[in-house]
Amino acid sequence: FPWVMILSITLFLSPSWPRDVAARLGLVCDALKTHQTTSEPLIAGRRLALVTCLIWLALQVAIPLRFVAYPGDVNWTERGYRFSWRVMLIEKTGTLEYRIETQTPKRSYRVSPRERLTPLQFKMLTTQPDMIIQYARHLATDFRERGHAGVSVYADSYISFNGRMSQAYIDGRANLAKEQLREADVILPLNAVE
């Protein structure tokens, strides 16, 4: 999709844009060159333009491929999934409920995000580990502002992945309210297909 969109933008440019770009980069053959005197500033500008284009192209390739740097199945963990070329490869549905425990007063609460979010927000939240952690921190802040102390937030999260049986997604023993917690610390491994 990105390449199709990048190429289709050229439909809105003037018909001479390929020649203009080639001329600015110094890639025009002698027959098409106009009478110009080459000078140092012009050559330096061409080099800068070429370096800028190469950096831009490298980023366009590196950002979508960054998922290979993360361990685990990117389709399950979603680490590096966004902005990648992995479109329409998976189907995830999930359920999610939070358990909140407070020390002062010593109580335990169950919170369903479905009650506070739109259906689309809830659907996205149940399958995105970074969003699950962010919402847990939001709940912890909310409970602290209500006067509770020693707030711990745990998630009961289950995912059905590509039509498989539902399985636990987030470690239910991990306190998601901790600031230093990362997604990789709480995502449970995908069960092998039997």
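Helix α6 has 17 residues, which should span 24 Å at 1.5 Å a residue. Its end C-alpha atoms lie 25 Å apart, in agreement with that expectation. The expected span of a helix is taken as 1.5 Å times one less than its number of residues. Helices (H or I, at least four residues) and strands (E, at least two) are DSSP runs, numbered from the N terminus. The model is predicted: local features need pLDDT of at least 70, side-chain atom pairs count only at pLDDT 80 or more, and totals for chains, interfaces and linings use all residues. Residues are numbered from 1 along each chain as its sequence is written, and side-chain values use heavy atoms, with hydrogens and water left out.

Several residues of α6 are buried, among them Ile132, Ile133, Tyr135, Leu139 and Phe143. Buried means under 20% relative accessible area, exposed over 50%, and partly exposed in between (1.4 Å probe, protein chains only). The buried set of α6 also includes Asp130, Arg137 and Asp142. These buried residues pack against α4, β1, β2 (107-111), α5 (119-127), β3 and α7 (183-186). Just after α6, Gly147 takes a positive phi of about 100°.

The chain as a whole holds seven helices and four strands. Along the sequence they follow the pattern α-α-α-α-β-β-α-α-β-β-α. The radius of gyration of the chain is 26 Å, whereas a compact globule of 194 residues would have one near 16 Å. This radius is taken over C-alpha atoms, and the globule rule is 2.2 Å times the number of residues to the power 0.38. Along the principal axes, the C-alpha atoms fill a box of roughly 85 × 45 × 30 Å. Of the 194 residues in the chain, 31% are buried. Among contacts with a separation of 6 or more, 55% join residues 24 or more positions apart. Contact means heavy atoms within 4.5 Å. The accessible surface of the chain is about 13,300 Å², and carbon and sulfur atoms contribute 61% of it. Accessible areas come from the Shrake-Rupley method with a 1.4 Å probe; for residues, only the protein chains shown count as cover.

Aromatic rings were examined next. Rings of Phe, Tyr and Trp (its six-membered ring) pair if their centres lie within 6.5 Å; planes under 30 degrees apart count as stacked, over 60 as edge-to-face and the rest as tilted. The count by this rule is four aromatic pairs. Trp76 and Phe161 form an edge-to-face pair, because their ring planes stand at 85°, with the centres 5.5 Å apart. The pair links distant parts of the chain: Trp76 is in helix α4 (residues 74-77) and Phe161 in strand β3 (residues 152-161), 85 residues apart. Trp76 is buried at 2% relative accessible area, and Phe161 is buried at 4%. Tyr98 and Tyr135 make a tilted pair, with centres 5.7 Å apart and planes at 35°. Here too the pair links distant parts of the chain, with Tyr98 in strand β1 (residues 92-102) and Tyr135 in helix α6 (residues 129-145), 37 residues apart. Both Tyr98 and Tyr135 are buried. Ring pairs also link Trp76, Phe161 and Tyr169 into a cluster.

Charged groups also lie over rings. A charge sits over a ring if NZ of Lys or CZ of Arg is within 6 Å of the ring centre and within 35 degrees of the ring normal. Lys92 lies over the face of Trp76, 5.7 Å from the ring centre. The charged end of Arg146 sits over the ring of Phe143, at 5.1 Å from its centre.

Gln128 is in the loop between α5 and α6. Gln128 is buried, at 7% relative accessibility. Beyond its neighbours within four places in sequence, Gln128 is in contact with Glu78 and Arg82. The C-alpha atoms of Gln128 and Arg79 are separated by 9.6 Å, although these residues are 49 apart along the chain. Glu78 lies in the loop between α4 and β1. Glu78 is not a glycine, yet has a positive phi of about 65°. Glu78 is buried, at 12% relative accessible area. Phe83 also lies in the loop between α4 and β1. Phe83, not a glycine, has a positive phi of about 65°. Phe83 counts as exposed, at 68% relative accessibility. In the loop between β1 and β2 lies Pro105. Thr104 and Pro105 are joined by a cis peptide bond, with omega about -5°.
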